[in-house]
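Biologist: I have this model open for the first time, and I would like to learn how to read it with you.

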Amino acid sequence: MEISVQNAYDEEMKRLEDTFTEINRQLAELKNIPPYTGHDHTEQVLDSIRDSRRRSLAVAQTEPYFGRLDFQEAGQEQPTPLYIGKVGVEKDTTLQLLVVDWRAPVASLFYSYTGGLDPVEYDSPDGLVAGLVYLKRNLVIRKQILQRVVDTFDRTGNNMAVTDEFLLYRLGENKDNKLRDIVSTIQSEQDSIIRAVKNSAMLIQGVAGSGKTTVALHRLAYLLYQYRDQVRAERMIIFAPNRMFLDYISGVLPELGVGDIQQTTFADWALELLEQEVKLVDPVEQLRYWFQTGPARPIMDDSAAGRFKGSVRFMQWLEQAIGQYEASAAPKTDFSPWAGAKLSQQTMQEWYDVEYRFEPLMKRRDRVLARVKRWLEMELDKVWETSLKKDYKKNGSARLREFTKSWMGYTPFSFYKELFQTASKAKFLTAELYNEIPQELLASTEALLKKKRVMPEDLAALLYIRSKFVGIHGDLTFDHTVIDEAQDFSPFQVALLNLHTRNQSFTILGDLSQGIHAYMGIRKWEEFTALFEEGKTAYFQLNRSYRSTLEIIYFANEVLKLGLEQPVALAVPVFRSGDAVNIVQVEEAALIPSLIAAIHKLQTGDITTVAVLARTEARSEALFKQLNAAGLPVNLISAGQQHYEGGISIVPTFMSKGLEFDAVMIMDVDGLNYPATEQDAKLLYVGCTRALHSLQLWHTATASPLIETIQGDFVVR
Ligand SMILES: Nc1ncnc2c1ncn2[C@@H]1O[C@H](COP(=O)(O)OP(=O)(O)OP(=O)(O)O)[C@@H](O)[C@H]1O
């Protein structure tokens, strides 16, 4: 070991021992205070503070910090070392910081500082603080043992350039079946997204592997820390594409010490809000339809039902239909329970139009009807003669029932169904509105709704109707909403979520180049920006990709260039080199044995997780059977899957989105399965960019035009 490195190591060992001594002392002190079980409020608060300190100290006890930054604030004589960790720890007696929480303002320097001798500054609650960085050091502490000390900048030494050796070391590690936190290596451009202000809709276009999902999760942890008086974990929500993906990311927030944030899919959330009144058609069927191969394969253009029903125009269409209902629903007659008693239509209309105007529609109806009932009771009270009163009561109740019946009330589903009924076409729709719906869509929707079934693209519409009919209660509003894989969301879905989200506080992340569900997703980000108030949106682009090696990224970029007229962005790799991408051609008969041999070979190296990607579900199942029969233990991942197990997985390519594997082997990369279309280029790009260290593309028939001409030293055949 070099002397300076040895010195650094010794220095950090000493500091670590001191830190442990202090943490242990504090923990022992807390242990001696028994938990409070009484009713005194102040004592209860103090007890909960002690409890949260206990939890933080327990986290800090094994890995107290991961970074050190020596910062000399302007006006001070010397730099102060700041140790940065997942949780902040104070020195008990002095309130001096032993460890700074990574989310604290001063810790932003650790992430935003990318080298150089110039002064730097950070935004503190008291304004900008400027100063000089003297040292930036990464430390790896595992189970209380100091494993690595890496300086990325040292003002006093020779190490002036920030070569992020530490980042490369972290990226080179293998992955298991869960996404991990990245607190120790957050990059500057990611940090500015994590720390961006709360009340704006942030749209982030990020290339595959740029850390979008990871950044979103860290941002939630940051918002909870920075805006702790304004946001609550249970009022924050993250929407992800499917349950398996949710399982895959489920470890990150607990690792960051935040729990209770809602993590769900749009469909699950919507169905719950609709009180399970409808059922969703089996999503597998839809996936099978859109991802079939051969000449029957549908084109994903704007004529797709999902594009129509996901549009803002469809939302406006519904609004107009609801408007028609609003204008016509209240009965246009007086209410007269018996001769001589009359509640005028005008009075009731006024209650409806003026007094209860700001209530949701079904509530307005309930309110007016309840008031009519009260009026009836009051009229009855005026009648003294017993037999007449009895008669009036009977007649009055019957009239009220009739009157109530003539004012149709709806659930979101029954109203939606009404709109799609060919027979009652004029009910709440003008001829013009009615004719806007393509006939085919009308018929297919009507048929499905009759069976109480809906497509995913109907859910936003149903929730929109719900919002107008019963309103959105406080407990259904969010302090912050994250939408991951947002390119697959429709503008209508986002507009709907905006109704549920306070102050347009959104983080919306996605990648247009991975828009493989273009039958419902967006084509450009402007489709979302247009939904928000002007001046309350921000757009970021993340172009650096951290997941894959240089070779894999160069290769994936070539696929995009061959298939897309103008890719939104090409990924820029960090300098991490691995094996060349391998294009393998084999005879059909030799495929399975060759595949097994190749997997074994990968496993004798460092590879832990392997994905074999197949173009369709049917092909996945067939490969699964063949590999299993040959004695290879593999997991089949199918649509609707809840968990991701790791190991060797057989996955339809379209299901692999969002996941990552040490090695990826894409099967059947030929002209039938991956023709030179935009759709297939995106699909193949998704497949290629799932790989961290090794990528192989296999084919038996002639290679796909999307890979055939790719040349360079990053690929071998
Ligand atoms: N700053 C970083 N330090 C270390 N690892 C990082 C960093 N940023 C991202 N990564 C790693 O890169 C990989 C990709 O991250 P993530 O899945 O969040 O990206 P993504 O943009 O959502 O990808 P995709 O769109 O392809 O699904 C993960 O393994 C993540 O841990």
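**Two packed helices**

Modeller: Helix α12 (residues 312-328) and helix α20 (residues 491-500) pack at an angle of about 60 degrees, with their axes 7 Å apart; helices here are DSSP runs of H or I with at least four residues, strands are runs of E with at least two, and both are numbered from the N terminus. This is a predicted model, where local features need pLDDT of at least 70 and side-chain atom pairs count only at pLDDT 80 or more, while totals for chains, interfaces and linings use all residues. Residues are numbered from 1 along each chain as its sequence is written.

Biologist: How are α12 and α20 oriented to each other?

Modeller: Two packed helices are described by the angle between their axes and the distance between the axes. Axes are lines fitted to C-alpha atoms, for helices over the stretch in contact, and angles run from 0 to 180 degrees between N-to-C directions. Angles under 35 degrees count as roughly parallel, over 145 as roughly antiparallel, 65 to 115 as roughly perpendicular and the rest as oblique, and α12 and α20 are therefore oblique to each other.

Biologist: Which residues of α12 and α20 make the contact?

Modeller: Residues are in contact if their C-beta atoms, placed from the backbone, lie within 7 Å. Val312, Phe314 and Met315 of α12 meet Pro491, Phe492 and Ala495 of α20.

Biologist: What does the whole protein chain look like in secondary structure?

Modeller: The protein chain has 26 helices and 26 strands, and its C-alpha trace spans about 110 × 75 × 45 Å along its principal axes. Among its contacts between residues at least 6 apart in sequence, 75% join residues at least 24 apart.

Key. Two residues are in contact if their C-beta atoms, placed from the backbone, lie within 7 Å.
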